[in-house]
Amino acid sequence: MPVQRTQVGIIGAGPAGLVLAHLLHLHGIDSIVVERQTREHVEKRIRAGVLEHGTVELLTEIGLARRLHRERMIHHGIELLFDGVGHRIPLTELTGREITIYGQHELVKDLIAARLDTGRPLVFAATDVDISLDEPGFSYVHDGVRHEVRCDFVAGCDGFHGVSRTVIPRSALTVYQRDYPHAWLGILAQAPPASDELVYAYHDRGFALHSMRTPEITRLYLQVRPEEPLEEWPDGRIWAELRTRLSRNDPGWHLNEGPILEKSVAAMRSFVVEPMHHGSLFLAGDAAHIVPPTGAKGLNLAVADVKVLAEAFAAYYTGHGAKLLDAYSETCLRRVWRIQHFSWWMTSMLHRVDDDPFTRQLQLSQLRYVTSSRAAATTLAENYVGLPLP
Ligand code: APR
Ligand code: PHB
């Protein structure tokens with residue numbers, strides 16, 4: 001069995017694994033990245049697309065944002081739509097910070113290209129990863145051959161359904177989970193966005209979100225029941241429901257429709273494991289925590305984790321001991337729970353809960369308050385654009 005020796009073995013080539021790999025490269029720390037899927041699959045996987053101010057600052061600092069700066073859309077506000085009226089939250093006016101619209105799969109393409117440019121190892125279609133905790137390392141199968149990786153540390157960046165978290169003894173973990181009685185039906189449509197900014201709509205029939213990718217591509221979401229079968233949502237029904245939930249008293253506004261390029265249903269859950277570190281194994285991103293998409297935080301939280309982790313590895317490999325590594329979990333969990341709260345709050349404020357008129361009145365009161373009080377709007381805005389990275 002071929003054996004590779006490195007300093008940090010990274011499992012998963014999503015935003016967490018690839019940004020970590022690049023940060024380690026800049027610190028001159030060796031690493032290998034193994035990814036179960038093919039390059040094509042990873043680069044085509046449609047996910048969210050909102051980047052916090054701090055995420056873009058970091059990506060720019062480490063030289064990963066050239067195409068992002070050319071192709072991104074910069075937004076200075078979002079809109080909350082309820083009772084047929086849109087209310088703008090002026091993010092930049094309230095915080096001095098902005099958000100960036102740039103598809104996650106576009107970012108992943110840039111990260112993969114940057115990794116290959118370094119000449120450091122990135123193995124796609126690496127299956128059957130088997131992690132060993134005693135002697136830090138793992139093995140994987142590539143082209144029918146099992147390979148072994150010996151390393152000092154393993155970074156589990158393999159997402160919610162990955163293998164990393166599963167090798168930590170259950171007794172060593174505290175798991176926090178909340179499943180929401182909703183899901184999001186998301187579409188990508190060949191149609192120009194009908195609004196210049198994101199529209200979060202609260203409607204009797206359920207939540208809807210008008211987002212975008214480019215001046216030609218709109219990204220839209222509908223609140224549906226969990227496990228909603230896509231077959232029950234032919235294109236015509238999707239557009240009809242979006243027209244209804246995004247409708248407003250302003251006759252001049254109408255939704256632009258076009259060919260649907262992609263559609264999928266995603267469950268909504270909040271999930272955190274503590275600690276995010278076990279022996280030589282460090283979890284980052286979705287491997288350690290999941291947020292409902294309402295706050296657009298998943299990718300940004302993954303990047304925040306690996307910024308902390310890379311600095312801790314750099315301190316260790318420059319002879320400053322393991323203090324930052326030992327503090328990794330605690331440091332990250334402070335931000336994780338802040339973002340868990342914000343994502344739960346946005347989800348609770350904006351999603352229809354069946355047959356619960358009391359909750360409905362609370363939601364409307366919350367929406368009226370956050371769109372009329374500068375203090376409340378600022379709270380939403382500073383969490384939405386992203387609190388400064390640790
Ligand atoms: N072996 C190797 N690779 C694996 C394994 C495994 N056993 N299991 C999963 N992977 C890979 C997946 O194929 C995926 O490419 O790990 C990667 C994990 O990437 P993400 O799921 O994107 O997770 P993360 O990098 O933490 O980024 C979080 O991604 O899912 C979005 O909404 C989420 O925006 C958030 C961001
Ligand atoms: C997206 O553009 O995909 C998106 C935007 C905002 C969200 C979630 C997803 O809250």
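**The surroundings of the ligands**

Modeller: Helix H1 and helix H8 (298–317) each supply at least two residues of the shell around ligand 1. Helices (H or I, at least four residues) and strands (E, at least two) are DSSP runs, numbered from the N terminus. The model is predicted, so local features need pLDDT of at least 70 and side-chain atom pairs count only at pLDDT 80 or more, while totals for chains, interfaces and linings use all residues. Residues are numbered from 1 along each chain as its sequence is written, chains are lettered from A and ligands numbered from 1 in the order in which they are written, and side-chain values use heavy atoms, with hydrogens and water left out.

The shell around ligand 1 holds 23 residues, and the closest are Glu35, Arg45, Arg47, Asp286 and Leu299. A residue is near a molecule or strand if one of its heavy atoms lies within 4 Å of it. H8 gives the most to this shell, with 3 residues. By class, the shell around ligand 1 divides into 9 nonpolar, 8 polar and 6 charged residues. Here Ala, Val, Leu, Ile, Met, Phe, Trp, Tyr, Cys and Pro count as nonpolar, Asp, Glu, Lys and Arg as charged, and the others, Gly among them, as polar.

Next come the polar contacts, which are pairs of N or O atoms within 3.5 Å; within protein, one must be able to donate a hydrogen and the other to accept it, and residues adjacent in sequence count only if both atoms are side-chain atoms. An N or O atom in the side chain of Glu35 is 2.6 Å from an oxygen atom of ligand 1. For Arg45, a polar side-chain atom lies 2.8 Å from an oxygen atom of ligand 1. For Gln104, the distance from a polar side-chain atom to an oxygen atom of ligand 1 is 3.0 Å. Taken alone, ligand 1 exposes 700 Å², and the protein buries 90% of that. Accessible areas come from the Shrake-Rupley method with a 1.4 Å probe; for residues, only the protein chains shown count as cover.

H1 itself covers residues 15–26, which makes 12 residues. From its first C-alpha to its last, H1 reaches 17 Å, close to the 16 Å expected; the expected span of a helix is 1.5 Å times one less than its number of residues. H1 is mostly covered, with 10 of its 12 residues buried, where buried means under 20% relative accessible area, exposed over 50%, and partly exposed in between (1.4 Å probe, protein chains only). Among the buried residues of H1 are Pro15, Gly17, His22 and Leu24. Just after H1, Gly28 takes a positive phi of about 70 degrees.

Ligand 2 is surrounded by 14 residues, the closest being Tyr200, Ser211, Arg213, Tyr221 and Pro293. An N or O atom in the side chain of Tyr200 is 2.8 Å from an oxygen atom of ligand 2. Polar side-chain atoms of two further residues lie at 2.6 Å for Ser211 and 2.7 Å for Arg213 from an oxygen atom of ligand 2. Taken alone, ligand 2 exposes 280 Å², and the protein buries 99% of that. This shell has 9 nonpolar, 3 polar and 2 charged residues. Strand E15 (198–201), strand E16 (208–212) and strand E17 each supply at least two of the residues around ligand 2.

Those three strands lead to the sheet. Strands of a sheet pair through backbone hydrogen bonds, either parallel or antiparallel. Two strands pair if DSSP finds at least two bridges between them. An open sheet of 8 strands runs in the order E7-E6-E15-E16-E17-E14-E18-E21, with mixed pairing. Strand E7 (85–89) and strand E21 (289–290) stand at the edges with a single partner strand each, so one side of each has no neighbour in the sheet.

Within this sheet, strand E14 (residues 174–190) runs antiparallel to E17 (residues 217–224), joined by 8 bridges. Trp184 has Gln223 in E17 as its bridge partner. E14 is also joined to strand E18 (residues 260–274) by 13 bridges, again antiparallel. There Ile187 has Lys263 in E18 as its bridge partner. E18 pairs in turn with E21 in the antiparallel sense over 2 bridges, and Val272 stands opposite His289 in E21.
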